[in-house]
Amino acid sequence: MAPIKTIFFTLVGFGWIVLLMASCTVASKLKQETLPSFLVGEFEDDYGVRYIIDNEVLRLLPNDAYYLVGVNENERYIILQNDSLNAFAPSLYTRIDYEKLENMAPYEWAFCFSSYEEASAKDAVKNVNTQKSDLMSGCNGFPFSRMKRFGEE
């Protein structure tokens with residue numbers, strides 16, 4: 001009977017180690033938990049949709065919220081968890097890729113919902129179909145949305 005308990009506890013311990021290693025891999029890609037300063041504020045995209053963004057939540061007005069899980073500033077993406085009350089993909093995970101824009105005033109940056117209905121942060125990090133080199137069609141075949149400060153023309 002003792003060998004069965006030993007095998008059971010060994011397998012459980014091994015499972016925890018694998019889970020810890022997987023979470024560390026995601027954590028190593030998401031090195032910081034604060035956004036670059038140009039992403040913080042109240043914005044409007046080129047379709048007239050408004051956003052309020054801080055270091056805890058991205059609000060897509062009027063009803064949706066996405067909570068910051070992590071930031072990879074080197075690869076220019078953020079991982080968020082969708083609010084449980086969002087109309088689409090509640091409680092799942094989203095990856096937003098972004099690019100700072102130069103010489104496109106009043107637009108300061110552009111973004112793409114690279115993945116938006118992933119079961120885990122790890123899946124959101126790896127399941128993307130985005131080409132940042134092509135802002136006109138690199139967002140899953142569509143243009144990146146350009147962002148300007150709300151109220152600026």
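Six salt bridges, written 6 in the count, are held by this predicted structure, a salt bridge being a side-chain nitrogen of Lys or Arg within 4 Å of a carboxyl oxygen of Asp or Glu. Side chains of opposite charge can pair when their charged atoms come close. The model is a predicted one, in which local features need pLDDT of at least 70 and side-chain atom pairs count only at pLDDT 80 or more, while totals for chains, interfaces and linings use all residues. Residues are numbered from 1 along each chain as its sequence is written, and side-chain values use heavy atoms, with hydrogens and water left out.

K132 lies in the loop between α2 (121-126) and β8 (145-149), whereas D97 belongs to strand β6 (residues 93-100), so their pairing ties together parts that are 35 residues apart in sequence. Helices (H or I, at least four residues) and strands (E, at least two) are DSSP runs, numbered from the N terminus. Both D97 and R95 are buried, as is K132; buried means under 20% relative accessible area, exposed over 50%, and partly exposed in between (1.4 Å probe, protein chains only).

Another salt bridge joins the side chains of E108 and R149 at 3.2 Å, N to O. Here E108 sits in strand β7 (residues 107-118) and R149 in strand β8, so the pair connects parts that are 41 residues apart in sequence. R149 counts as partly exposed because its relative accessibility is 23%.
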